[in-house]
Each structure stands twice: as structure tokens, then as C-alpha cells.
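Hi,

Here is the structure I promised to hand over. Please have a look at it first, and then read my notes below.

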Number of protein chains: 4
Amino acid sequence: MSISYNRVVLVGRLTRDPEIRFSANGTQVSVFTLAVDRPMRTDINDSNNTDFIRIVSFGKLAEFVSNYLVKGRLVLVEGSLRIRKWKTQDGDPRTTTEVVANNIRFMETKSQANVDTEGPLIDENVKPVDDDITFFGSESENTDSDDIPF
Amino acid sequence: MSISYNRVVLVGRLTRDPEIRFSANGTQVSVFTLAVDRPMRTDINDSNNTDFIRIVSFGKLAEFVSNYLVKGRLVLVEGSLRIRKWKTQDGDPRTTTEVVANNIRFMETKSQANVDTEGPLIDENVKPVDDDITFFGSESENTDSDDIPF
Amino acid sequence: MSISYNRVVLVGRLTRDPEIRFSANGTQVSVFTLAVDRPMRTDINDSNNTDFIRIVSFGKLAEFVSNYLVKGRLVLVEGSLRIRKWKTQDGDPRTTTEVVANNIRFMETKSQANVDTEGPLIDENVKPVDDDITFFGSESENTDSDDIPF
Amino acid sequence: MSISYNRVVLVGRLTRDPEIRFSANGTQVSVFTLAVDRPMRTDINDSNNTDFIRIVSFGKLAEFVSNYLVKGRLVLVEGSLRIRKWKTQDGDPRTTTEVVANNIRFMETKSQANVDTEGPLIDENVKPVDDDITFFGSESENTDSDDIPF
DNA sequence: TTTT
DNA sequence: TTTT
């Protein structure tokens with residue numbers, strides 16, 4: 001253990017509805033991909049100008065994610081960058097890059113989310129909810145983030 | 001182009017001296033790996049508790065990196081998270097995760113850096129430099145970050 | 001000079017149109033107040049739940065502010081916190097708290113800004129502009145931030 | 001309640017040992033001032049180049065502050081910017097600017113802290129403690145931050 | 001694989 | 001009022 005700090009703040013849109021899982025001890029885990037466009041630049045022709053970033057959450061924050069976030073919604077994600085090395089069943093090395101979220105906030109109201117899109121952006125199975133709910137997770141709830149096979 | 005934001009702040013130590021390259025148009029590119037320890041937690045036995053994060057810089061910031069940063073030095077890096085997809089010569093898909101730095105600052109003086117370590121932490125080929133220099137890079141200098149083959 | 005870091009990120013709405021000034025050497029200075037609501041909490045009855053934060057910008061960033069930002073617009077401001085002590089003409093001590101911006105980004109499109117409000121949110125004297133422009137200022141442009149009497 | 005975000009990250013040194021208070025309901029409150037030097041600039045002669053920023057913490061984070069932080073120690077503070085308006089006993093309006101901390105981390109080891117200074121930087125009444133302890137507070141513990149008269 |  |  002040494003002196004360190006690791007903080008990421010992202011604003012972007014979910015590319016799909018979140019995936020829900022449960023760890024061995026029953027903690028909920030929610031995962032989604034955030035599309036974060038790079039700022040436009042006039043000096044280069046950057047055809048590949050979006051970063052697709054995996055966002056993982058645990059516990060109560062994961063419940064918030066599965067209850068309220070859907071494909072296309074604009075959110076701010078605060079968390080820390082984690083680079084995990086693991087092996088496939090064949091023993092091939094892989095690296096997973098993800099942001100472990102500890103705070104997620106809407107960056108548009110539900111009505112804005114609907115105004116901006118055609119078609120069923122909002123999954124009607126999701127419980128109704130007031131706009132602009134913010135959820136604060138705490139790291140202490142992420143009790144077994146490194147044990148979970150996902 | 002859409003609404004977005006992408007900001008990363010890291011504090012950690014260089015695992016090696018930086019690597020220096022030059023892009024086709026002569027812009028300097030400096031690359032190093034930052035070891036960022038995760039905060040200790042009493043509730044899990046996390047044997048793999050450090051993230052090793054690739055840090056890329058361009059232009060004048062890259063010159064600062066190559067002039068003043070060496071293996072072991074504690075620095076704060078501010079930048080944005082970039083996930084690049086590319087292919088090997090064999091056509092295999094690869095993903096590179098890196099932080100494109102736009103600001104790097106010492107988090108210890110040169111004398112602290114030397115006190116904390118045994119052996120030749122400071123490469124004597126590096127020009128002498130006053131403690132605590134800070135360098136601010138600007139995104140506008142990173143003129144061809146996506147053209148560079150590295 | 002010592003080891004230090006100072007970074008602020010805010011999302012909120014302008015309480016009025018920006019004020020424009022010019023420093024002695026001709027650099028443009030733009031100032032506005034950002035209303036930043038505190039996250040709602042169920043455990044307290046917090047009647048005074050918005051922070052009103054003065055945002056100062058210089059040079060090209062100040063031009064962006066005066067050209068594109070108006071009362072009510074939702075923006076993300078990145079900068080550093082500055083606490084200035086000064087005296088009134090009567091010699092009374094005063095303190096000014098402000099965030100010196102180095103990056104400002106829209107957090108809603110112009111069409112969303114208009115959908116969300118009643119009345120003339122957008123000043124029609126402002127030049128027309130594409131949605132979602134982002135402006136990056138650099139600290140090196142803020143050449144005389146401490147000389148300016150405002 | 002609207003869309004908002006408020007995040008501050010500071011690195012600097014305590015100007016004095018923290019002050020300890022207790023709220024009506026027994027929650028501990030710790031307060032200190034952080035000296036944050038501005039980055040040096042060659043283009044101006046900035047004689048007043050340090051921001052002195054009030055840092056407030058509550059609950060377990062406040063206990064960490066009172067147990068481990070002393071005058072001169074280099075720390076990273078993460079929190080949110082709060083601007084409170086209040087009146088003196090004479091009815092004069094006052095404004096208090098402070099950062100409500102939710103995470104504080106050492107930016108130097110205890111041995112570095114001692115190496116860097118002459119004289120009794122470390123108050124010997126403070127309980128001995130391992131280097132590099134990090135404390136994470138959660139906002140939910142700051143249960144009555146707006147009720148406290150300090 | 002991808003959001004707007 | 002101030003840290004290094």
C-alpha cells in the first residue's frame with residue numbers, strides 16, 4: 001500500500017440496458033457500457049471518436065442502475081479506473097478495463113430523455129420514478145468486488 | 001458529437017523510465033506506466049491490489065515527461081480515458097486502455113524521491129532540475145494523437 | 001511553491017447572462033454565477049439547498065462564454081477554486097470565492113434548453129451557433145488574472 | 001432539485017492542527033484550513049499565490065482528521081464546495097466558503113512528513129498510527145451538516 | 001457489439 | 001491568522 005488516488009468522472013449515454021448479476025454472497029452487480037464522445041477537434045479527421053467504457057456497480061448503486069437506467073440515457077458516472085488481468089478457459093490472457101462506479105447521476109430529466117428520442121427509450125416495466133434522483137453508493141458496500149466472476 | 005465529459009485524476013508511481021517516440025510530423029510522444037494502489041480494505045483479502053495504467057503524453061508535456069520523470073517517481077496525472085481498438089499484424093483484435101495526459105505534477109520533491117528509495121532512482125543522464133516543476137499541456141498541442149502508430 | 005493541486009468540476013445553471021469586462025491589457029473577462037443544487041437528502045430538511053458559485057473566465061474561453069452562454073443554460077465548468085482577499089474603498093476586508101474556469105461544456109443541447117423553459121431563455125442577439133460546442137481554455141491565456149480589478 | 005454535480009479535489013498542507021467540535025446530536029465535526037499553492041507562472045509576479053481553504057468533515061471522517069492530521073501534513077481532500085450565507089449576532093451578512101470533505105488521503109508518509117520539517121511537526125499526543133492510512137467518509141454520515149452552528 |  |  002502506498003500513496004495513491006484514482007478518480008474518474010464521465011458523462012455519456014448507455015449503449016444498452018444494464019445487465020444484472022448477483023455475486024456468490026447475493027450482492028447485486030450491474031454492468032453497462034457508456035458511450036463517451038471525444039470533444040470535436042477541427043484539426044484532425046477523427047473517425048473513431050467515441051470511447052466505449054464498461055461501468056460496474058455493486059449493492060444499492062447496482063439496484064439504482066437496474067431500476068432507473070436504460071439504453072440511451074445520459075448520465076454522469078463517478079468512480080475509479082480498474083484494469084483487471086485474467087485468463088480465458090483456454091488460458092489466454094485477457095485484460096478488462098472498467099470503471100467501478102461509486103456515484104451515478106442523471107444528466108437529463110426523464111422528459112428530456114423522451115423528447116430527444118423516437119420510440120420506446122423508457123422500458124415501461126421499470127417502476128415509475130421522479131426525475132433527477134441521484135444515488136450515492138459507498139465503497140464500503142462493494143464488499144467483494146474482486147471475488148465476482150463476471 | 002454529443003454531450004460528454006471524460007476526466008481522470010491519478011496519483012501513483014512510474015514503473016519504469018518513460019519511453020520516447022516521435023510521430024510522423026515530429027511531435028514528441030512519451031509513454032509510461034503508472035502503478036496506482038487501490039485503497040486498502042479490511043474486509044477482503046485482495047492480493048492483486050494495484051492498477052497498472054498506461055499514460056500517454058504529446059508535445060511539450062511529453063518533453064516534460066522525458067526530461068523530468070523517472071522510474072519510481074510519485075506523480076499526479078490528469079487526463080482523459082481512451083480505449084483504442086486495433087489489430088495486430090495477424091489481424092487479431094486488441095484493445096489498448098490509456099490515459100491521455102494533459103497535466104502532470106510532482107507529488108514529492110526530488111529530495112523526498114531520493115530519501116524514499118535505495119539505489120539509483122534518479123537517472124543521472126537527466127538534466128538537473130529544480131524541485132516541484134509543474135507542466136501544463138494543452139489539448140491543442142496533441143495535434144495528431146490518432147495518427148501515431150504506437 | 002510547494003506540492004499542490006486544485007481542481008473543481010461543477011454542473012449547474014447560469015443565474016443570469018454573463019457579464020463582460022476587459023482587463024487593462026485588453027484581455028476579455030467573463031463572469032457569471034452558477035446555481036448548483038445540492039443532492040437531495042431525505043434525512044434533513046435543508047431549506048437552503050443551492051450553492052451560488054461565481055465563475056470567472058479569461059481570453060478565448062471568456063469569448064465563448066459571452067457568445068454562447070445565457071441565463072438558465074445547463075453547463076459543466078471545470079476549473080480551480082480561488083479565494084481572494086481584498087479591501088473595499090473604506091478599507092473593509094472582503095473575501096471573494098470564485099472558480100477560475102479552464103473548460104466549459106454544454107450539458108444540454110440548445111433545443112433542450114428551449115424545451116425546458118418558458119419565455120426568452122435564449123437572447124436572440126447572440127449569434128446562432130451549432131449545439132454542443134465545447135470550448136477548451138488554457139491557463140496560459142489567463143495572463144493577468146490577478147491584476148484585473150473586478 | 002435539478003441536474004447538478006459538485007466535486008472538488010485539493011492537495012495542500014494544513015495550516016494548523018484541526019479544530020474539533022460536536023454537533024447537538026453528538027456527531028463529531030473537524031475543521032481545518034488547507035494551504036493550496038497556485039501553480040507557478042513565469043508570466044506574472046503573483047505575490048499572493050496561495051489559497052487558504054476551509055475544510056469541514058463529519059462523523060467518522062472527522063475522527064480520522066482529529067486523530068491523524070496535524071499542522072503541516074500534506075493531504076489530498078475530495079469533497080464538495082459549499083457557500084453558506086449567514087448573519088453575525090449584529091445581523092451583518094457573512095459568507096463562508098468551505099469544502100465538505102468526503103475523502104481525505106495522506107500524500108506523504110509519516111516519515112516523509114518528519115524528514116521535511118524541523119521541529120515538532122508531529123504532536124506526540126496523537127496516537128501512533130501506520131503510515132498511509134486512508135479514510136473514506138460517506139455523505140450519508142453527514143447527517144446534520146446544515147444544523148451545526150460553527 | 002455499441003449511445004445521441 | 002496561515003502550510004512547505
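A cavity here is a set of points, on a 1 Å grid over the protein atoms alone, where a 1.4 Å probe fits but cannot get out, and its lining residues have an atom within 4 Å of a point. Grid points are joined across faces, edges and corners, and a volume is the space filled by probe spheres set on the points.

This is a predicted model, in which local features need pLDDT of at least 70, side-chain atom pairs count only at pLDDT 80 or more, and totals for chains, interfaces and linings use all residues. Residues are numbered from 1 along each chain as its sequence is written, chains are lettered from A and ligands numbered from 1 in the order in which they are written, and side-chain values use heavy atoms, with hydrogens and water left out.

The whole structure holds 5 cavities of 30 Å³ or more. The second largest cavity has about 90 Å³ of space. Its lining includes A:R7, B:R7, C:R7 and D:R7, and comprises 7 nonpolar, no polar and 4 charged residues.

Now the DNA. Base oxygens of DNA strand E lie 2.9 Å from a side-chain N or O atom of A:R16, 3.2 Å from a polar side-chain atom of A:T50 and 3.4 Å from one of B:S2.

Best wishes

Key
A polar contact is a pair of N or O atoms within 3.5 Å; within protein, one must be able to donate a hydrogen and the other to accept it, and residues adjacent in sequence count only if both atoms are side-chain atoms. On a 1 Å grid over the protein atoms alone, a cavity is a set of points where a 1.4 Å probe fits but cannot get out, and a pocket is an open set with protein on both sides within 12 Å along at least five of seven lines; lining residues have an atom within 4 Å of a point. Ala, Val, Leu, Ile, Met, Phe, Trp, Tyr, Cys and Pro count as nonpolar, Asp, Glu, Lys and Arg as charged, and the others, Gly among them, as polar.
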